[in-house]
Amino acid sequence: MSVGMAAPRAPYACDPDRSRGRLVPEPPSRTRSPFRRDCDRVIHSTAFRRLKYKTQVFVFHEGDHYRTRLTHSLEVAQIARALARQLGLDEDLTETLALAHDLGHPPFGHAGERALDACLKEFGGFDHNAQTLRVVASLEHRYPEFDGLNLTWESLEGIVKHNGPLTDRNGAPVGRYLESGIPIGIADYNKGHDLELWSFASLEAQVAAIADDIAYDAHDIDDGLRAGLFAVDDLKVMPLTAEIITGIDRHYPGLDEVRRGAELVRELISHFISAVFNEASRRLAAAQPQSAHDVRHHNTPLIAFPSEVAEQEAAIKAFLYQHMYRHKRVMRVMGEAEQVVRNLFERYQQSPEDLPAEWIEGSVQETGSARNRRIGNFIAGMTDRFALTEHQRLFDSTPDLR
């Protein structure tokens, strides 16, 4: 099958006609599958629009051409759909999960998440996956018959488990949650709507997860080059990128730096997509799953990089960590951003009347934990721009974050 050509629906794909349904039953759409309906609800959500002004690495006002959470999510969706099409998966569910995966991120990227996690440490902490679940399950208020978006079970499962199982069959946390435990937002929700935290998610969710990694690596290289944090030739320290750059220079001698960088990013995305498709095909041929149920109950993920490419991808992440995420300019801005989030949280704790009226209503009867979680939910929904505007309103001095 040629790359990009749609494969027929595979037996191991999620079938919208066999969806486990929604927590609040709804009549089926006359024109859309359940998964297409989920995707449309994500796109029309308030939280999705807010991603436009949420930091990926560079704060929004540093330049119009840097990625935001919104453009990142669109790039993840493009890569994920390409893989889903080749593998015969449900593209609508894949797109839903790719577009929804960052809805719970607070302002200022990982710096904002670190700050909120510290502020909420005594109240269960902050986890962006758990926050995404809160957004789609309760915090969106757009429909007359339910809070949240009332997504299908398959979409909720993919949001929570796209990086793998959270527990073993006995309910004990595993992986990244081994020490910290299952985030309170996920644990509480799961009591009333079992997402089977012990199993793997669908292939559509696994594809969305690996597409996130591919998009991160590619566009962070692009943004790092644009910001002048490193040059194209600096990337020659890694064998994979060195080989790609050498090929570009051979085919296009004298090409300017901007186009060299853009071509490198394109080649890198193609390399990763091809590698994932080949490895997934190999694993699927060996495992022979006959249904989405078989995928969930398999003992390993079926979507992954081959070992050699996993090492290449890890090397790129290590390079970006050293030359971009830990760059003194980025670190300074993110340190100031963390302080903005901490200041806002402390202010709303001490003076809840500074919250908007709709966020104060009902808080008098709440426990301290619920009240602080409400403040966390409010801040997590902020864009970078709104967080800075609020800080300027409430404090005498606000950092410039440039």
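The following conversation concerns a predicted model of one protein.

Reader: What does the secondary structure of the protein come to?

Author: This predicted model has 17 helices and zero strands.

Reader: How does the radius of gyration agree with a compact globule?

Author: A compact globule of 402 residues would have a radius of gyration near 21 Å, and the protein has 22 Å, which agrees. The C-alpha trace spans about 65 × 50 × 40 Å along its principal axes.

Reader: And how many of the residues count as buried?

Author: Of the 402 residues, 54% count as buried. The protein exposes about 18,400 Å², and carbon and sulfur atoms supply 51% of that area.

Reader: Which contacts join residues at least 24 apart?

Author: Taking contacts between residues at least 6 apart in sequence, 73% join residues at least 24 apart.

Reader: Turning to helix α4, how many of its residues are buried?

Author: Helix α4, residues 91-100, is mostly covered, with ten of its ten residues buried. Among them are the charged residues Glu91, Asp92 and Glu95.

Reader: What do those buried residues pack against?

Author: The buried residues of α4 pack against α1 (34-43), α2 (46-50), α3 (69-87), α6, α7 (153-161) and α9 (203-227).

Reader: Which side chain does Glu95 meet in a salt bridge?

Author: Glu95 meets Arg81, at 2.4 Å from N to O. Glu95 lies in helix α4 and Arg81 in helix α3, so the pair ties together parts that are 14 residues apart in sequence. Glu95 is buried, with a relative accessible area of 12%, whereas Arg81 counts as partly exposed at 23% relative accessibility.

Reader: How many salt bridges are there in the whole structure?

Author: A search of the whole structure finds 36 salt bridges. One of them joins Asp222 and Arg67, whose closest N and O atoms are 2.8 Å apart. Asp222 lies in helix α9 and Arg67 in the loop between α2 and α3, so this pair ties together parts that are 155 residues apart in sequence. Both Asp222 and Arg67 are buried.

Reader: What about Arg342 and Glu338: where are they, and what separates them?

Author: They are four residues apart in helix α14 (residues 328-350), and are therefore separated by about one helical turn. Arg342 counts as partly exposed at 26% relative accessibility, and Glu338 counts as buried at 16%.

Reader: Which residues do salt bridges that share partners join into one network?

Author: That network consists of Arg32, Arg36, Asp40, Arg81, Arg85, Glu91, Asp92 and Glu95.

Reader: Now Arg134. Where is it, and what does it contact?

Author: Arg134 is in helix α6, residues 128-139. Leaving aside neighbours within four places in sequence, Arg134 is in contact with Leu139, Ile184, Gly185, Arg373 and Asn377.

Reader: Is Glu140 buried or exposed?

Author: Glu140 counts as buried, because its relative accessibility is 4%. This residue is found in the loop between α6 and α7.

Reader: Which residues does Glu140 touch?

Author: Not counting residues up to four places away in sequence, Glu140 touches Ser45, Thr46, Ala47, Val135, Asp147, Gly148 and Leu149.

Reader: Lastly, how far apart are the mean positions of the positive and negative charges?

Author: The mean positions of the 47 positive and 59 negative charges are 2 Å apart.

Definitions and conventions
Residues numbered from 1 in each chain as written. Predicted model: local features only at pLDDT ≥ 70, side-chain atom pairs only at ≥ 80, totals over all residues. Heavy atoms only, no water. Helix = DSSP H or I, 4+ residues; strand = E, 2+ residues; numbered from the N terminus. Contact = heavy atoms within 4.5 Å. Rg over C-alpha atoms; globule rule 2.2 N^0.38 Å. Buried < 20%, exposed > 50% of the residue type's maximum accessible area, 1.4 Å probe, protein only. Areas by Shrake-Rupley, 256 points an atom, 1.4 Å probe, with all protein chains shown as cover. Charge placed at Lys NZ, Arg CZ, Asp CG, Glu CD. Salt bridge = Lys/Arg side-chain N within 4 Å of Asp/Glu carboxyl O.
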